[in-house]
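Okay, thanks for coming, everyone. Let me put the structure up on the screen, and then I'll walk you through it.

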Amino acid sequence: MGLGLVDPILPVISQQLGASQTEVAMLFTTYSAIMAVAMLVTDVVSSKLGIKRTLIIGVLLIAIFSVLSGLSNNVWTIIFLRMGWGLGNALFVAVALTAIIKFSGNDTHSSIILYETAIGLGFSTGPLLGGLLGGISWRYPFFGVGLLMLAGFILLLVLLPKSDKIENSYEKEIILFIMFYHY
């Protein structure tokens, strides 16, 4: 849901911040490019830090950079902040799928279906919530993402075990729940 919250406010950002179409496109281009490149090294990062720490760092980066984007008054500042957001997203998304598959036992098929379902539900409800929040202020969808990711951070911190061993599907469902709110 987090990513989709920003989609509906792009015209408003263009209008209220005086951003050109190119600058508005850069909001997603830089985000996506950083995410794509960073995903190439997420395996190395999660191997060094562990799955839980990597997920927590990813969610925390998303929360921080989304809130900072909402506090910004300049489209180029938001573009650069979206790079940090893309890094956090790469750490979270790639490692979340890895964690779900790794800890699913022999139920990889169901884990991937649940992961994709969470993404689909997030993509479908995120723009609705983003449009509602964006109708109040273009900043609110950014703050909404920050709050959702802060909730995800707390859930990961409190409910996932310290080790990288997830022994039941309850922890897997927590990751799926956070994935839903992420998109």
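Contact here means heavy atoms within 4.5 Å. Before I go on, a word on where this comes from: it's a predicted model, where local features need pLDDT of at least 70 and side-chain atom pairs count only at pLDDT 80 or more, while totals for chains, interfaces and linings use all residues. Residues are numbered from 1 along each chain as its sequence is written, and side-chain values use heavy atoms, with hydrogens and water left out.

What is the chain built from? The chain exposes about 8,700 Å², and carbon and sulfur atoms supply 68% of that. Those areas are from the Shrake-Rupley method with a 1.4 Å probe, and for residues only the protein chains shown count as cover.

Now some helix pairs. Two packed helices are described by the angle between their axes and the distance between the axes. The axes are lines fitted to C-alpha atoms, for helices over the stretch in contact, with angles from 0 to 180 degrees between N-to-C directions.

Let's take α3, residues 21-39, and α6, residues 75-102: their axes come within 7 Å and cross at roughly 30°. So α3 is roughly parallel to α6. For the cut-offs, under 35 degrees is roughly parallel, over 145 roughly antiparallel, 65 to 115 roughly perpendicular, and the rest oblique. Their contact has 18 nonpolar, 3 polar and 2 charged residues. In that scheme Ala, Val, Leu, Ile, Met, Phe, Trp, Tyr, Cys and Pro are nonpolar, Asp, Glu, Lys and Arg are charged, and the others, Gly among them, are polar.

On to α4, residues 42-49, and α5, residues 51-71. Here the axes come within 6 Å and cross at roughly 120°, so α4 is oblique to α5. On the α4 side we have V45, S46 and L49, and they meet I51, R53, T54 and I57 in α5. By class, that's 4 nonpolar, 2 polar and 1 charged.

Is S46 buried or exposed? It's buried, at 11% relative accessible area. Leaving aside neighbours within four places in sequence, S46 is in contact with I51, T54 and V95.

Over in α6 there's L91, also buried, at 8%. Setting aside neighbours within four places again, L91 is in contact with T42, V45, T54, I57, G58 and L61. L91 and L61 are 30 residues apart in sequence, and their C-alpha atoms are 9.2 Å apart.

Last pair: the axes of α6 and α7 come within 9 Å and cross at roughly 145°. V93, A96, L97, I100 and I101 of α6 make the contact with T108, S111, I112 and Y115 of α7. That contact has 7 nonpolar, 2 polar and no charged residues. Y115 counts as buried, at 4% relative accessibility, and its C-alpha is 7.1 Å from that of L97, 18 residues away along the chain.

Technical notes. Helix = DSSP H or I, 4+ residues; strand = E, 2+ residues; numbered from the N terminus. Buried < 20%, exposed > 50% of the residue type's maximum accessible area, 1.4 Å probe, protein only.
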